[in-house]
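Here's a quick walk through the structure shown below. Have a look at it first, then read on.

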Amino acid sequence: MSSHDVVELILQDHRRMEDLFRTMRNVEADRASALAEFANLLIAHASAEEDEVYPALRRYKNVDGDDVDHGVHEHEEANEALLTLLEVEDTASQDWEDKLEELVTAVNHHADEEERTLLNDARENVADDRRAQLGTAFREARARYLENDCGSVENVRELVAG
(Lines give C-alpha, C1' and ligand atoms only; values in the text may rest on other atoms or scores of the structure.)
Protein backbone atom coordinates (compact mmCIF):
# COMPACT_ATOMS: atom_id res chain seq x y z
CA MET A 1 0.00 0.00 0.00
CA SER A 2 1.51 3.28 -1.09
CA SER A 3 1.65 6.18 1.32
CA HIS A 4 -0.26 8.13 -1.35
CA ASP A 5 -3.40 6.23 -0.35
CA VAL A 6 -5.80 8.77 1.15
CA VAL A 7 -6.95 6.28 3.78
CA GLU A 8 -3.38 5.72 4.98
CA LEU A 9 -2.65 9.45 5.00
CA ILE A 10 -5.72 10.17 7.11
CA LEU A 11 -4.79 7.36 9.51
CA GLN A 12 -1.24 8.76 9.83
CA ASP A 13 -2.70 12.12 10.84
CA HIS A 14 -4.98 10.45 13.39
CA ARG A 15 -2.00 8.66 14.97
CA ARG A 16 0.01 11.93 15.05
CA MET A 17 -2.90 13.65 16.82
CA GLU A 18 -2.89 10.87 19.43
CA ASP A 19 0.86 11.43 19.96
CA LEU A 20 0.25 15.15 20.42
CA PHE A 21 -2.50 14.46 22.95
CA ARG A 22 -0.01 12.40 24.98
CA THR A 23 2.42 15.32 24.88
CA MET A 24 -0.26 17.84 25.85
CA ARG A 25 -1.29 15.67 28.81
CA ASN A 26 2.31 15.64 30.08
CA VAL A 27 2.85 18.49 32.56
CA GLU A 28 6.61 18.36 31.89
CA ALA A 29 6.19 18.84 28.13
CA ASP A 30 6.06 22.02 26.07
CA ARG A 31 2.28 21.98 25.93
CA ALA A 32 1.97 25.26 24.05
CA SER A 33 4.13 23.98 21.17
CA ALA A 34 2.28 20.68 21.05
CA LEU A 35 -1.04 22.55 20.99
CA ALA A 36 0.16 24.83 18.18
CA GLU A 37 1.21 21.81 16.08
CA PHE A 38 -2.04 20.04 16.95
CA ALA A 39 -4.20 23.04 16.06
CA ASN A 40 -2.55 23.40 12.65
CA LEU A 41 -2.76 19.67 11.97
CA LEU A 42 -6.41 19.37 13.04
CA ILE A 43 -7.61 22.32 10.97
CA ALA A 44 -5.52 21.42 7.91
CA HIS A 45 -6.58 17.76 8.12
CA ALA A 46 -10.30 18.45 8.54
CA SER A 47 -10.34 21.21 5.91
CA ALA A 48 -8.52 19.01 3.38
CA GLU A 49 -10.97 16.17 4.09
CA GLU A 50 -13.92 18.49 3.53
CA ASP A 51 -12.39 20.04 0.38
CA GLU A 52 -11.09 16.92 -1.35
CA VAL A 53 -12.09 13.64 0.30
CA TYR A 54 -15.65 13.95 1.55
CA PRO A 55 -17.13 15.30 -1.73
CA ALA A 56 -15.49 12.41 -3.61
CA LEU A 57 -16.69 9.78 -1.14
CA ARG A 58 -20.23 11.13 -1.37
CA ARG A 59 -20.32 9.98 -5.00
CA TYR A 60 -19.86 6.29 -4.09
CA LYS A 61 -23.14 4.47 -3.58
CA ASN A 62 -21.60 2.19 -0.93
CA VAL A 63 -20.42 5.13 1.12
CA ASP A 64 -23.14 6.51 3.38
CA GLY A 65 -23.72 10.22 2.71
CA ASP A 66 -25.03 10.57 6.26
CA ASP A 67 -21.62 9.42 7.53
CA VAL A 68 -20.03 12.20 5.46
CA ASP A 69 -22.44 14.80 6.89
CA HIS A 70 -21.81 13.47 10.38
CA GLY A 71 -18.06 13.79 9.83
CA VAL A 72 -18.46 17.46 8.89
CA HIS A 73 -20.59 18.05 12.00
CA GLU A 74 -17.94 16.39 14.16
CA HIS A 75 -15.24 18.59 12.61
CA GLU A 76 -17.28 21.61 13.73
CA GLU A 77 -17.52 20.19 17.27
CA ALA A 78 -13.77 19.55 17.34
CA ASN A 79 -13.10 23.11 16.13
CA GLU A 80 -15.24 24.50 18.96
CA ALA A 81 -13.39 22.35 21.52
CA LEU A 82 -10.05 23.43 20.01
CA LEU A 83 -11.01 27.11 20.25
CA THR A 84 -11.93 26.85 23.93
CA LEU A 85 -8.52 25.26 24.63
CA LEU A 86 -6.61 27.82 22.53
CA GLU A 87 -8.28 30.59 24.53
CA VAL A 88 -6.97 29.26 27.88
CA GLU A 89 -3.74 31.12 28.55
CA ASP A 90 -2.25 29.06 31.39
CA THR A 91 -1.23 25.61 30.17
CA ALA A 92 -0.66 24.56 33.80
CA SER A 93 -4.20 25.41 34.90
CA GLN A 94 -7.04 23.02 35.70
CA ASP A 95 -9.11 24.88 33.10
CA TRP A 96 -6.53 23.93 30.46
CA GLU A 97 -6.63 20.29 31.58
CA ASP A 98 -10.44 20.25 31.44
CA LYS A 99 -10.60 21.85 28.00
CA LEU A 100 -7.89 19.48 26.75
CA GLU A 101 -9.96 16.48 27.81
CA GLU A 102 -13.01 17.89 26.02
CA LEU A 103 -10.90 18.24 22.86
CA VAL A 104 -9.45 14.73 23.23
CA THR A 105 -12.95 13.30 23.63
CA ALA A 106 -14.32 15.12 20.57
CA VAL A 107 -11.38 14.28 18.30
CA ASN A 108 -10.96 10.66 19.39
CA HIS A 109 -14.70 10.04 18.99
CA HIS A 110 -14.59 11.45 15.47
CA ALA A 111 -11.40 9.62 14.45
CA ASP A 112 -12.74 6.32 15.78
CA GLU A 113 -16.07 6.72 13.99
CA GLU A 114 -14.46 7.90 10.76
CA GLU A 115 -12.09 4.94 10.77
CA ARG A 116 -14.94 2.45 11.33
CA THR A 117 -17.31 3.95 8.73
CA LEU A 118 -15.95 6.25 6.02
CA LEU A 119 -12.40 4.94 5.86
CA ASN A 120 -13.44 1.28 5.86
CA ASP A 121 -16.03 2.06 3.18
CA ALA A 122 -13.42 3.91 1.14
CA ARG A 123 -10.97 1.02 1.46
CA GLU A 124 -13.61 -1.45 0.25
CA ASN A 125 -15.30 0.61 -2.47
CA VAL A 126 -12.78 3.06 -3.91
CA ALA A 127 -10.18 1.73 -6.35
CA ASP A 128 -6.51 1.95 -5.36
CA ASP A 129 -5.64 4.43 -8.11
CA ARG A 130 -8.55 6.69 -7.13
CA ARG A 131 -7.49 6.53 -3.45
CA ALA A 132 -4.00 7.54 -4.59
CA GLN A 133 -5.43 10.51 -6.55
CA LEU A 134 -7.46 11.53 -3.50
CA GLY A 135 -4.35 11.13 -1.36
CA THR A 136 -2.42 13.54 -3.55
CA ALA A 137 -5.27 16.06 -3.50
CA PHE A 138 -5.61 15.67 0.29
CA ARG A 139 -1.85 16.15 0.84
CA GLU A 140 -1.73 19.24 -1.39
CA ALA A 141 -4.79 20.85 0.24
CA ARG A 142 -3.46 20.03 3.72
CA ALA A 143 -0.09 21.61 2.85
CA ARG A 144 -1.79 24.80 1.64
CA TYR A 145 -3.68 25.12 4.93
CA LEU A 146 -0.53 24.44 6.96
CA GLU A 147 1.36 27.16 5.07
CA ASN A 148 -1.31 29.66 6.10
CA ASP A 149 -1.12 29.06 9.86
CA CYS A 150 -4.64 27.62 9.79
CA GLY A 151 -4.52 26.66 13.47
CA SER A 152 -4.09 30.21 14.75
CA VAL A 153 -6.64 31.24 17.35
CA GLU A 154 -7.89 33.96 14.96
CA ASN A 155 -8.51 31.50 12.15
CA VAL A 156 -10.15 28.93 14.41
CA ARG A 157 -12.40 31.69 15.80
CA GLU A 158 -13.46 32.54 12.22
CA LEU A 159 -14.17 28.89 11.43
CA VAL A 160 -16.26 28.45 14.57
CA ALA A 161 -18.15 31.68 13.91
CA GLY A 162 -18.95 30.34 10.44
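## Starting on helix H5

Glu 140 sits in helix H5, where helices are DSSP runs of H or I with at least four residues, strands are runs of E with at least two, and numbering starts at the N terminus. Glu 140 counts as partly exposed because its relative accessibility is 46%; buried means under 20% relative accessible area, exposed over 50%, and partly exposed in between, with a 1.4 Å probe and protein chains only. Ala 48 is 92 residues away from Glu 140 along the chain, yet their C-alpha atoms are separated by 8.3 Å.

A word on ground rules: this is a predicted model, with local features needing pLDDT of at least 70 and side-chain atom pairs counting only at pLDDT 80 or more, while totals for chains, interfaces and linings use all residues. Residues are numbered from 1 along each chain as its sequence is written, and side-chain values use heavy atoms, leaving out hydrogens and water.

## The overall fold

How many helices and strands does the chain have? There are 6 helices and 0 strands, so the pattern read along the sequence is simply α-α-α-α-α-α.

The radius of gyration is 16 Å, which agrees with the value near 15 Å that a compact globule of 162 residues would have. That radius is taken over C-alpha atoms, and the globule rule is 2.2 Å times the number of residues to the power 0.38. Along its principal axes, the C-alpha trace spans about 50 × 30 × 25 Å. Of the 162 residues, 43% are buried. Among contacts (heavy atoms within 4.5 Å) with a separation of 6 or more, 79% are between residues 24 or more positions apart.

## The annotated domain

UniProt, in an unreviewed entry, annotates residues 6-119 as "domain: Hemerythrin-like". Positions follow the numbering used here, feature names are shortened, and such annotations may be inferred rather than shown by experiment. In the model, that span is 84% helix and 0% strand, and its end C-alpha atoms lie 9 Å apart.

## Inside helix H4

Is Val 107 buried or exposed? This residue of helix H4 (residues 94-125) counts as buried, because its relative accessibility is 5%. Leaving aside residues up to four places away in sequence, Val 107 touches Met 17, Phe 21, Phe 38, Leu 42 and Ala 78.

Now for the loop between helix H5 (128-147) and helix H6 (153-161), which is where you'll find Asp 149. Its phi is near 50°, a positive value in a residue other than glycine. Asp 149 has 43% relative accessibility, so it counts as partly exposed.

On helix H6 there's Glu 158, which counts as exposed because its relative accessibility is 58%. Glu 158 and Leu 83 are 10.0 Å apart in space, C-alpha to C-alpha, and 75 residues apart in sequence.

## Surface and charge

The chain exposes about 8200 Å², 45% of it supplied by carbon and sulfur atoms; areas come from the Shrake-Rupley method with a 1.4 Å probe. There are 17 positive and 41 negative charges, and their mean positions are 5 Å apart. Lys and Arg count as positive and Asp and Glu as negative, with His and the chain ends not counted; each charge is placed at NZ of Lys, CZ of Arg, CG of Asp or CD of Glu.
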